[in-house]
Amino acid sequence: MPKPKRSTIKDFSINEFRQEFLKDLNEERAKRSLAPVTEDPHYDEVGNFILEDYFTKAGISYHSIAEYIAMDPWGWITNHANKELEPAPNGGTSADVAASNWGHRDILLNPSDKTIGVGAATTVDGYVYSAVRVTY
């Protein structure tokens, strides 16, 4: 029987990460009777950050913008019961990183949240750095 290939950081998929993060977040929000959030990348077609500029031009006032950044090693997940890192099943996936990335989850559970922006980048030494921006 062939041995399964262990995944590497090169297998990281930003699309899978973003989809899984949003799915997990909205499942947690539903458990708490909170409305789901939608993803809004807050960037224009050439990659310029436009959130505050967009709100100003549209005449939209907002209370606050929260942001958090996380760093997760590829191939590991966070056990949320004891806050310890554990080897990821099957060597790790982009979905594992998204599910593990809940260190600041209270920011994401504000009942006023409507949209979030999710991004991530990888490093050659095997880390996934991610950022989530929430507007409320």
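Reply: A contact here means that heavy atoms lie within 4.5 Å. Of the contacts in the protein chain with a separation of 6 or more, 62% are between residues 24 or more positions apart. The model is predicted, with local features needing pLDDT of at least 70 and side-chain atom pairs counting only at pLDDT 80 or more, while totals for chains, interfaces and linings use all residues. Numbering starts from 1 along each chain as its sequence is written, and side-chain values use heavy atoms, leaving out hydrogens and water.

The protein chain has 4 helices and 6 strands; these are DSSP runs numbered from the N terminus, with helices (H or I) of at least four residues and strands (E) of at least two. Their order along the sequence is α-β-α-β-β-β-α-α-β-β. Of its 136 residues, 35% are buried, meaning under 20% relative accessible area with a 1.4 Å probe and protein chains only, whereas exposed is over 50% and partly exposed lies in between.

The part to look at is α1, residues 14-31. Its 18 residues should span 26 Å at 1.5 Å a residue, and the end C-alpha atoms are 26 Å apart, which agrees; the expected span is 1.5 Å times one less than the number of residues. Buried residues in α1 are F17, F21, L22, D24, L25, N26, E28 and R29. Just after α1, S33 has a positive phi of about 60°.

A nonpolar core is a set of buried Ala, Val, Leu, Ile, Met, Phe, Trp, Tyr and Cys residues joined through side-chain atoms within 4.5 Å. The largest one has 17 residues, and F17, F21, L25 and I116 have the most contacts inside it. At least two of its residues come from each of α1, α3 (94-100), β5 (115-122) and β6 (127-135). The largest share, 4 residues, is that of α1.

Aromatic rings also meet here. Rings of Phe, Tyr and Trp (its six-membered ring) pair if their centres lie within 6.5 Å; planes under 30 degrees apart are stacked, over 60 edge-to-face, and the rest tilted. The structure holds 3 such pairs. F12 and F17 have ring centres 5.8 Å apart and planes at 50°, so this pair is tilted. F17 is buried at a relative accessible area of 0%, and F12 is buried at 16%. The rings of F12 and W74 have centres 6.2 Å apart and planes at 85°, so they are edge-to-face. This pair links distant parts of the chain, with F12 in the segment before α1 and W74 in the loop between β2 (65-73) and β3 (76-79), 62 residues apart. W74 is buried at 11%. F12, F17, F21 and W74 form one aromatic cluster.
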